[in-house]
Amino acid sequence: MEPKVAELKQKIEDTLCPFGFEVYPFQVAWYNELLPPAFHLLLPGPTLAFLVLSTPAMFDQALKPFLQSCHLRMLTDPVDQCVAYHLGRVRESLPELQIQVIADYEVHPNRRPKILAQTAAHVAGAAYYYQRQDVEADPWGNQHISGVCIHPRFGGWFAIRGVVLLPGIEVPDLPPRKPHDCVPTRAARIALLEGFNFHWRDWTYRDAVTPQERYSEEQKAYFSTPPAQRLALLGLVQPSEKPSSPSPDFPFTTHTPKKPGNPSRARSWLSPRVSPPASPGP
């Protein structure tokens, strides 16, 4: 890895990794090469970018402290606000650079995603993006089958949160990093894609590989709850304007509060927009 890439990666990791995130560098060209022009990132091909994902630890290390910060805004998704805050801290940690941050849920006015997060995760080597085309002689006929990323250590127990772009920082010699093919057989890929598309509510597709860590039961309860009901689950009062802190009856175990967060708008599913719409969450 080039020295300047390693230095920038270390700074971003120092900002994000203590809160349950992982960071992977890639070139914009690698992403653009796999997609039609409408989805391209409008930056020179060698531009450096970083893929950011959350691990199961993010729930305890980032979300719970954020909920205690008293800066949660109602009517927007708490997880997305939390992630926006931490991605914003990346920008603050590198004030000398013109950093662009794209969260996984951001869309253009025509509703086209600003980033196809699973494609970005694949080219960054973070997680393998399994799609129908990866199954020889697939059995699904005319059915629509969405793809899904699998992490080599966490299986499906993670979420892609966004990308950090560094315009003006070009790394033409950055070596490509292939994602680990951790579901190599045809039968296992069929089981994975069928589990994701038809049985996602039971969580089992996430165990396509034996994970190093899974979501806790309280985390699963949170992500299984429809987004409109999550604030009530957290014991948060719905104010008309002012932000609120969790009530004394907040049902989850919480940690020491951190600094305030920034708001953002949101969807919880990890990407792209063809994923099953009623999914329980990341």
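## Basis of the report

Because the model is predicted, local features are considered at a pLDDT of at least 70 and side-chain atom pairs at pLDDT 80 or more, while totals for chains, interfaces and linings use all residues. Residues are numbered from 1 along each chain as its sequence is written, and side-chain values rest on heavy atoms, with hydrogens and water left out.

## Overall fold

The protein chain contains 8 helices and 6 strands. Along the sequence, their order is α-β-α-β-α-α-β-α-β-β-β-α-α-α.

Of the 282 residues in the chain, 54% are buried. A residue is buried under 20% relative accessible area, exposed over 50%, and partly exposed in between (1.4 Å probe, protein chains only). The accessible surface of the chain is about 12,900 Å², and carbon and sulfur atoms hold 52% of that surface; such areas come from the Shrake-Rupley method with a 1.4 Å probe, and for residues only the protein chains shown count as cover. Among contacts (heavy atoms within 4.5 Å) with a separation of 6 or more, 77% join residues 24 or more positions apart.

## Nonpolar cores

A nonpolar core is a set of buried Ala, Val, Leu, Ile, Met, Phe, Trp, Tyr and Cys residues joined through side-chain atoms within 4.5 Å. The largest core has 64 residues, of which Phe26, Tyr31, Leu48, Leu51 and Val164 touch the most other members. Strand E6 (residues 159-170) gives this core its largest share, 7 residues. Another core, of 16 residues, lies apart from it and includes Tyr128, Tyr130, Val183 and Trp200.

Beyond its neighbours within four places in sequence, Leu48 contacts Val5, Leu8, Pro25, Phe26, Val164, Leu165, Leu166, Ile169, Val171 and Leu174.

## Helix H3 and its surroundings

Helix H3 (residues 58-67) packs against helix H4 (residues 78-93) at an angle of about 95°, with the axes 10 Å apart. Axes are lines fitted to C-alpha atoms, for helices over the stretch in contact, and angles between N-to-C directions run from 0 to 180 degrees. The two helices are therefore roughly perpendicular, a term for angles of 65 to 115 degrees. In this contact, Met58, Ala62, Leu63, Phe66 and Leu67 of H3 meet Pro78, Val79, Gln81, Cys82, Tyr85 and His86 of H4.

In H3, 8 of the 10 residues are buried; Lys64 and Pro65 are among them. The cover over these buried residues includes strand E1 (21-27), strand E2 (47-54), H4, E6 and H7.

## Individual residues

Thr15 belongs to helix H1 (residues 3-16) and is buried, with a relative accessible area of 9%. Not counting residues up to four places away in sequence, Thr15 touches Arg89, Val90 and Ser93.

Arg111 lies in the loop between strand E3 (100-103) and helix H5 (117-123) and is exposed, with a relative accessible area of 61%. Trp203 lies in the loop between helix H6 (186-198) and helix H7 (217-224), but is buried, with a relative accessible area of 8%.

Methods:
Helix = DSSP H or I, 4+ residues; strand = E, 2+ residues; numbered from the N terminus. Parallel < 35°, antiparallel > 145°, perpendicular 65-115°, else oblique.
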